[in-house]
Amino acid sequence: MEPEHSNDSQAEQLKLRANEAFKAHKFGQAIDLYTQAIELNSKNAVYWANRALAHTKLEEYGSAIQDATKAIEVDPKYSKGYYRRGAAYLAMGKFKDALKDFQQVKRLCPNDPDATKKLKECEKAVMKLKFEEAISVPQSEKRSVADSIDYHSVEVEPQYTGARIEGDVVTLDFVKKMMDDFKNQKNLHKRYAYQIVLQTREMLRSLPSLVDIEVPQGKHFTVCGDVHGQFYDLLNIFELNGLPSEDNPYLFNGDFVDRGSFSVEVILTLFAFKCMCPSAMYLSRGNHESKNMNKIYGFEGEVRSKLSETFVELFAEVFCCLPLAHVINGKIFVVHGGLFSVDGVKLSDIRAIDRFCEPPEEGLMCELLWSDPQPQPGRGPSKRGVGLSFGGDVTKRFLQENNLELVVRSHEVKDEGYEIEHDGKLITVFSAPNYCDQMGNKGAFIRFQAPELKPNIVTFSAVPHPDIKPMAYANNFLRMFS
C-alpha cells in the first residue's frame, strides 16, 4: 500500500492543477482534477467545496449542492461548504434553503463583513418573496395583463426618432430599422413593443404544444440553440445565414433571454420576425422562459429598466404560450432540454400537455425543458437538480417508438457550439458564443436541407458588444456570486 502522506501530497498537486484550470475557465477539466484529488483523499473538505464551485460555474447546481454537503459532512466547521451550498441554492431560486446556509456562515464567521453583507441580501430576498406570496392572486382568479392593454392608445411623442410600425402590419423595413436602432443602443417605443408582444401572444396561443414543421423538397431550415440575451451574436447569425423569411425559416430552441444584458433586444427581434412572417420564425420554450429564472438571471430587471413593470407581467404571460417542442418533416424532434424519466412517451402525449403555466418541478413539461443527455445507458439524477440525465438507449427507444430519426436539443454550453452524442442520434446545439463573456466557447446553428435533412452544422465565434456586462440587470444578490 502507498503511504498515506504520499497520497495526500499527490492530491494537493492535483488540487493546484485544478485551481489553475478553474482560473483559465476550464471548469470541466477542473472538475476532473478535483475528482482525482478526492479519490486520493476524500477527507479534505476544500476539494469538495472547490469542485462544488466548478459545478456552479457550469450551472450544475444539483451536483454543487451534493459536493458542498459532502464538504460540510467532512468538516462541519468549514464555512465555505455552507457558503458554496447557499450560492447553489440561490442560483436555483431556493432562497429559504440559501438563507439557512448563510446564517450558518455568519455563525461560523461572525466578524466577516462579506458574510454579513450576503446574509442581509438573502434576508431581503426572502422577505420580498414572502411579501409576493402573501399578495399573490390564485392562478384561477388572475386576469390577463394582455387584456388590459390597448397599444393604439399609447401616445408616441413627436421627438421619437426610432422605428415605427405603420398601422397593424410589422414589415421587414420596420424590423431592419428596429435592429439597427438596437445595435446603436436605442430603445424601441413602448407602443410598438406592446404591439409586437401582443401580436406574438395571439399567434403563440393558437399553436399546439408540439408543432409540426414541413420543409418542402429542395428548401432548407435552420435550428439555433440558446441565445441568452447576446443580441450582437444574434445579428451575426443573421449576417452569416441570412435574415428570417419564408424561404429562410428559423427555429430558435429556447433560452432567448437571461444572463446576457441585451435580452430585451433579442426577444423583441425574434417576436418581430414572428409577426412579420409567422412561417419564417418558430420559437420554443426553454427553462429560462419562466418567472423564477427571469427574476434571478437578469431579464426581469432589464425589462423593468428598458420598458416597464407591465411588460414584466406581459412577457411572463407570453412565455407561457410558447410551444414545448417541434417535429420537422416527421423525422427530427427538436426540444430545449431533453427526454423523459419514463419510456413510452408518444408525440401525442406531448401535444396534449397543458403548457399555459409556469414550468412545474416534475413531469413531462419539466423534463422537456430541463433534462440532459448522459454518456452511460439508462437514466441518472440531473446535475442541475431539476429534470434528469438520459442515456443513448433512452434516446434510441424514444425515436423508434415515435418513428423519428434524430433528437436536436440545446440547453448546454459546448466548446465547439455543438456536440453529437448517442451514436449520432442526438445533437446539442448552443448559439451563444463566449457565453457570459467568459466561457470561450464557439456558437453553432444547424441547417437542414429537405428531403434528406442531413444536419449541416455551422460554427461561429463571438463578436464584440458594448461594454455592458452579462447579468448587469440581475438580482443584486446573485451578482455577488457570478
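The questions and answers below concern packing and ring pairs in a predicted model.

Trainee: Is Gln195 buried or exposed?

Mentor: Gln195 has its place in helix H9, which covers residues 190–205. Leaving aside residues up to four places away in sequence, Gln195 touches Tyr151, Ile165, Gly167, Asp168 and Val169. Since buried means under 20% relative accessible area, the 0% relative accessibility of Gln195 makes this residue count as buried.

Trainee: Which helices do the buried residues of H4 pack against?

Mentor: Helix H4 comprises residues 61–74, and its 14 residues should span 20 Å at 1.5 Å a residue, which agrees with the 20 Å between its end C-alpha atoms. Its buried residues include Tyr61, Ile65, Asp67 and Ile72. The buried residues of H4 pack against helix H3 (45–57), helix H5 (79–91) and helix H12 (291–297).

Trainee: How many residues apart are Phe182 and Phe231?

Mentor: Phe182 and Phe231 form an edge-to-face aromatic pair, with 5.9 Å centre to centre and 85° between the planes. Both Phe182 and Phe231 are buried. The pair links distant parts of the chain, because Phe182 lies in helix H8 (residues 172–183) and Phe231 in helix H10 (residues 231–241), and the separation is 49 residues.

Trainee: Why does the pair of Phe238 and Tyr250 count as edge-to-face?

Mentor: Ring centres within 6.5 Å make a pair, and planes over 60 degrees apart count as edge-to-face. The centres of the Phe238 and Tyr250 rings are 5.4 Å apart and their planes stand at 80°, so the pair is edge-to-face.

Technical notes: Residues numbered from 1 in each chain as written. Predicted model: local features only at pLDDT ≥ 70, side-chain atom pairs only at ≥ 80, totals over all residues. Heavy atoms only, no water. Helix = DSSP H or I, 4+ residues; strand = E, 2+ residues; numbered from the N terminus. Buried < 20%, exposed > 50% of the residue type's maximum accessible area, 1.4 Å probe, protein only. Contact = heavy atoms within 4.5 Å. Expected span 1.5 Å × (residues − 1). Phe/Tyr/Trp six-rings, centres within 6.5 Å; stacked < 30°, edge-to-face > 60°.
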